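Keep the sequence and the model side by side while reading.

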Amino acid sequence: MNQHKMYRVIKLIDLMKEKPRTVMAISRYLNVSERTVYRYFELFRSLEYNVNRDIYYKYYIENEEGK
């Protein structure tokens, strides 16, 4: 994984811990396709991050103390 991709992944983790966001908003923020965002979610799950989706289809990662 090159440095630019690593930077995006770290940025995405921070972004998703702030507040829930839609896949479209995340893809625009990172300037990647929506499919790439879903790939990042799969990467996070494989690293045992808890990627959640709320009833409005917004995704987030829970902080240690909860949402």
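A residue is called buried when its relative accessible area is under 20%, exposed when it is over 50%, and partly exposed in between. R45, with a relative accessible area of 36%, is therefore partly exposed. The model is a predicted one, and the values that follow were computed from it.

Begin with helix α1, which runs over residues 3-18. At 1.5 Å a residue, its 16 residues should span 22 Å, and the distance of 23 Å between the end C-alpha atoms agrees with this. At the start of α1, a side-chain oxygen of N2 comes to within 3.1 Å of the backbone nitrogen of H4.

Which residues of α1 are buried? They are R8, V9, L12, I13, L15 and M16. Seen down the axis of α1, these buried residues fall within an arc of 170 degrees, so they line one face of the helix.

The next step is the core. The largest nonpolar core has 16 residues, and those touching the most other members are L12, M16, I26, F41, F44 and V51. At least two residues of this core come from each of α1, α2, α3 and β2. The most come from α1, which gives 5 residues.

Charged side chains come next. How many salt bridges does the structure hold? There are 2 salt bridges. In one of them, the side chains of R21 and E18 meet at 2.7 Å, N to O. E18 has a relative accessibility of 59% and so counts as exposed. R45 forms a salt bridge with E42, and their closest N and O atoms are 3.0 Å apart. Because R45 and E42 are 3 residues apart in helix α3, about one helical turn separates them. E42, at 48% relative accessibility, counts as partly exposed, and R45 is partly exposed as well, at 36%.

The loops remain. Most residues other than glycine have a negative phi. Against that background, E48 is not a glycine and yet has a positive phi of about 70 degrees. E48 sits in the loop between α3 and β1, and its relative accessibility of 75% makes it exposed. Y57, also not a glycine, has a positive phi of about 60 degrees. Y57 belongs to the loop between β1 and β2 and counts as exposed at 53% relative accessibility.

The side chain of D54 reaches the backbone nitrogen of Y56 at 2.9 Å. Apart from neighbours within four places in sequence, D54 is in contact with P20 and Y60.

Technical notes. Residues numbered from 1 in each chain as written. Predicted model: local features only at pLDDT ≥ 70, side-chain atom pairs only at ≥ 80, totals over all residues. Heavy atoms only, no water. Helix = DSSP H or I, 4+ residues; strand = E, 2+ residues; numbered from the N terminus. Expected span 1.5 Å × (residues − 1). Buried < 20%, exposed > 50% of the residue type's maximum accessible area, 1.4 Å probe, protein only. Arc of directions from axis to C-beta. Polar contact = N/O pair within 3.5 Å; in protein donor to acceptor, adjacent residues only side chain to side chain. Salt bridge = Lys/Arg side-chain N within 4 Å of Asp/Glu carboxyl O. Core = buried A, V, L, I, M, F, W, Y, C linked by side-chain atoms within 4.5 Å. Contact = heavy atoms within 4.5 Å.
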